[in-house]
Every structure is written in C-alpha cells, then in structure tokens.
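Could you walk me through how to read this model, feature by feature? I'd like the general idea, then the case at hand.

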Amino acid sequence: MNYWLFKSEPSVFSFEALKAKGKAGTQWDGVRNYAARNNMKAMQIGDLGFLYHSNDGLDVVGIVEVCALAHQDTTTDDPRWECVDIRAVKDVPKPVTLEQVKANPKLAEMALVRLGRLSVQPVTPAEWKEVCRMGGLTPAP
C-alpha cells in the first residue's frame with residue numbers, strides 16, 4: 001500500500017465534487033508537472049491518498065482511493081501527460097490545516113511542507129498515520 005496527497009483548489013474541484021462522482025470516481029486530469037505525473041505513474045489500484053484543498057482552505061479534507069492506473073489524460077492529445085482515476089472514500093472528520101501540519105515535528109519532512117507547489121505527492125506511512133490521527137481517523141493499514 002502506498003499513500004499520496006492530491007491537491008485541488010476547492011473552487012475548481014472540491015472533495016464534495018469528487019464524492020458526487022460516486023464509486024466510478026474521475027480522472028485526476030490537467031496535471032502538467034513531470035514529478036506529479038511520475039507519482040501518478042507509480043500508483044497502484046487501491047492506493048490511498050489525502051485530498052487537500054489548496055489556495056482556499058489549505059487543509060486535508062478527505063480520503064481518496066486510486067481506482068484506475070495511469071492512462072492518457074483525456075484533456076490533452078500530448079502523450080506525455082497521464083493521470084490516474086480516483087474516488088472518494090471518506091471525509092476527514094476534523095480537517096487538518098497546513099498550519100497544523102507545519103507545526104507538527106513528526107511532519108517536518110512531509111512533501112506538503114517541503115514541496116508546497118507539487119500537486120500530486122507521496123506520503124510516507126508514518127505521515128499517513130499522523131495526519132489520520134490529527135484528523136480524527138483510525139489509519140488504514
């Protein structure tokens with residue numbers, strides 16, 4: 001099991017919008033950064049991630065699951081850009097703010113702190129567990 005963090009501005013695509021897509025989920029398209037694309041190419045079906053509302057909100061608000069492996073991003077004809085499909089799993093009961101993440105010494109090396117602009121980033125198992133704890137969730141395996 002690998003863990004990830006997906007960033008989206010809630011005014012562009014919110015966790016509520018993802019939940020509305022149901023079990024089928026949706027492609028995580030429009031990513032035009034090689035590191036973020038490579039992260040998606042490394043994902044496996046069943047991997048879990050946080051959905052983080054960027055710019056407006058600045059908090060982890062939901063848990064998502066990868067439901068389709070990397071494939072051509074249908075928003076472009078450029079074969080360099082691939083994406084995965086994700087679906088909503090559950091809300092984070094107490095959204096975890098960027099301020100809280102930055103204040104937690106256990107999360108000092110988290111990509112969210114170090115690589116603030118990366119839209120799709122890895123999360124270590126220890127970081128996953130800590131953010132889940134902070135958000136009022138029992139961490140998944």
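Q: What should I know before reading any values?
A: This is a predicted model, so to speak from its record: local features need pLDDT of at least 70, side-chain atom pairs count only at pLDDT 80 or more, and totals for chains, interfaces and linings use all residues. Residues are numbered from 1 along each chain as its sequence is written, and side-chain values use heavy atoms, with hydrogens and water left out.

Q: In what order do the strands of the sheet come?
A: Strands of a sheet pair through backbone hydrogen bonds, either parallel or antiparallel. Here, six strands make an open sheet with mixed pairing, ordered S2-S5-S4-S3-S1-S6. At the edges sit strand S2 (26-27) and strand S6 (120-123), each pairing on one side only. Strands (E, at least two residues) and helices (H or I, at least four) are DSSP runs numbered from the N terminus, and two strands pair if DSSP finds at least two bridges between them.

Q: How many bridges join S4 to S5?
A: Strand S4 (residues 59-72) and strand S5 (residues 82-97) run antiparallel, joined by 10 bridges. As a landmark, look for Glu65 opposite Arg87 in S5.

Q: Which residues of helix H2 are buried, and where do they sit around the axis?
A: An α-helix has 3.6 residues a turn, so residues three or four places apart point the same way. In H2 (residues 34-41), the buried ones are Ala36, Arg37, Asn39 and Met40; buried means under 20% relative accessible area, exposed over 50%, and partly exposed in between (1.4 Å probe, protein chains only). They lie on the same side of H2 because they cover an arc of only 155 degrees around the axis, taken from the directions from the helix axis to the C-beta atoms. Their cover includes S1, S4, S5 and S6.

Q: What happens at the start of H2?
A: A side-chain oxygen of Asn33 comes to within 2.9 Å of the backbone nitrogen of Ala35.

Q: Which residues of H5 are buried, and what covers them?
A: Glu127, Trp128, Glu130, Val131, Cys132 and Met134 are buried in H5. The cover includes S1, S3, S4, S5, helix H3 (98-103) and S6. Just after H5, Gly136 has a positive phi of about 85 degrees.

Q: Which loop between strands holds Asn55 and Leu58, and what is phi there?
A: Most residues other than glycine have a negative phi, and most peptide bonds are trans. Asn55 lies in the loop between S3 and S4, with a positive phi near 60 degrees. Leu58 lies in the loop between S3 and S4, and its phi is positive too, near 55 degrees. Asn55 counts as exposed because its relative accessible area is 58%, while Leu58, at 35%, counts as partly exposed.

Q: How many residues does the largest nonpolar core have?
A: A nonpolar core is a set of buried Ala, Val, Leu, Ile, Met, Phe, Trp, Tyr and Cys residues joined through side-chain atoms within 4.5 Å. The largest has 20 residues, and Leu5, Phe50, Val60, Met110 and Trp128 have the most contacts inside it. H5 gives the most to this core, with four residues. Apart from it lies another core of 19 residues, including Phe13 and Val66.

Q: What does Met110 touch?
A: Contact means heavy atoms within 4.5 Å. Setting aside neighbours within four places in sequence, Met110 is in contact with Leu5, Val101, Val123, Glu127 and Val131.

Key. A polar contact is a pair of N or O atoms within 3.5 Å; within protein, one must be able to donate a hydrogen and the other to accept it, and residues adjacent in sequence count only if both atoms are side-chain atoms.
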